[in-house]
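Open the structure in your viewer and keep the selection panel at hand. Each stop below says what to select and what is there.

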Amino acid sequence: MFRETAFTHIRVDAPDDAAAGFMMDEETFRAFYERTARGLWAYLARITGDRQLAEDLLQETFYRFLRAAAAYDNETHRRNSLYRIATNLARDARRRSLARAAFVPTGDDIERVPSGQDAGATERTTDFTRAMSRLKPRERAMLWLAYAEGASHREIADVLGVRAASLKPMLFRARRKLAELLGRAPQGGKA
């Protein structure tokens, strides 16, 4: 599961070439990390289907984000950049592991249902996890960003590197495919 990670080994002491554009002091970065790390980890875990890989990619994402030393217009721009880095790292990891067998969730891969919830909730969580694992990584990313993170279509397009005009139909198809995998496709083929 997600663990807090300290980035104390990354220091920006002198305004050399690599750090000249660094716009976040340590306190600002820590606050940004606290606001975004848990959601970013959940995003990575969902699109990769691998909790340990998500941990590794989370650390690499924040490391690259810091080393990029970019100036950002606002918090949304900073967050979108972070998710873009994470998405690209997840794609690279997927390309490197294409020879690996398809992800099939096991008991360890499925998030535990808090005590007090019924067996039906556990079954729905399992069904959802399995259905999401059968989607393409881009489809998982779109759905997660839209519905778990509440990102706008423009933000999702920026993160995934697609045209904003293309996103709405792509998201519609991903939603329909997920519904079909869950056995909840509406009659007549309309979603």
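**A tour of the helices**

Select α1 and α5: they pack at an angle of about 150 degrees, with their axes 8 Å apart. Axes are lines fitted to C-alpha atoms, for helices over the stretch in contact, and angles run from 0 to 180 degrees between N-to-C directions. The contact (heavy atoms within 4.5 Å) is made by G39, A42, Y43, R46, I47 and T48 of α1 and P137, R140, A141, W144 and L145 of α5. Helices are DSSP runs (H or I, at least four residues), numbered from the N terminus.

This is a predicted model: local features need pLDDT of at least 70, side-chain atom pairs count only at pLDDT 80 or more, and totals for chains, interfaces and linings use all residues. Residues are numbered from 1 along each chain as its sequence is written, and side-chain values use heavy atoms, with hydrogens and water left out.

**Next: A45**

Stay in α1 and pick A45. Is A45 buried or exposed? A45 is buried, at a relative accessible area of 13%; buried means under 20% (1.4 Å probe, protein chains only). Leaving aside residues up to four places away in sequence, A45 touches D50 and A54.

**Next: α2**

Select residues 51-68, helix α2. Its 18 residues reach 25 Å from first C-alpha to last, close to the 26 Å expected at 1.5 Å a residue. That expected span is 1.5 Å times one less than the number of residues. Look at the start of α2: a side-chain oxygen of D50 comes to within 3.0 Å of the backbone nitrogen of Q52. Buried residues of α2 include R51, L53, E55 and F62. The buried residues of α2 pack against α1 (26-48) and α3 (75-96). Just after α2, check A69, which has a positive phi of about 50 degrees.

**Next: the core**

Which residues touch the most other members of the largest nonpolar core? Highlight L40, Y43, L44, F62 and L160, out of 46 residues. Such a core is a set of buried Ala, Val, Leu, Ile, Met, Phe, Trp, Tyr and Cys residues joined through side-chain atoms within 4.5 Å. α1 gives the most to this core, with ten residues.

**Last: α6**

Select E155, I156, A157, V159 and L160, the buried residues of α6. They pack against α1, α3, α5 and α7. End at G161, which follows α6 and has a positive phi, near 75 degrees.

Key
Helix = DSSP H or I, 4+ residues; strand = E, 2+ residues; numbered from the N terminus. Buried < 20%, exposed > 50% of the residue type's maximum accessible area, 1.4 Å probe, protein only. Polar contact = N/O pair within 3.5 Å; in protein donor to acceptor, adjacent residues only side chain to side chain.
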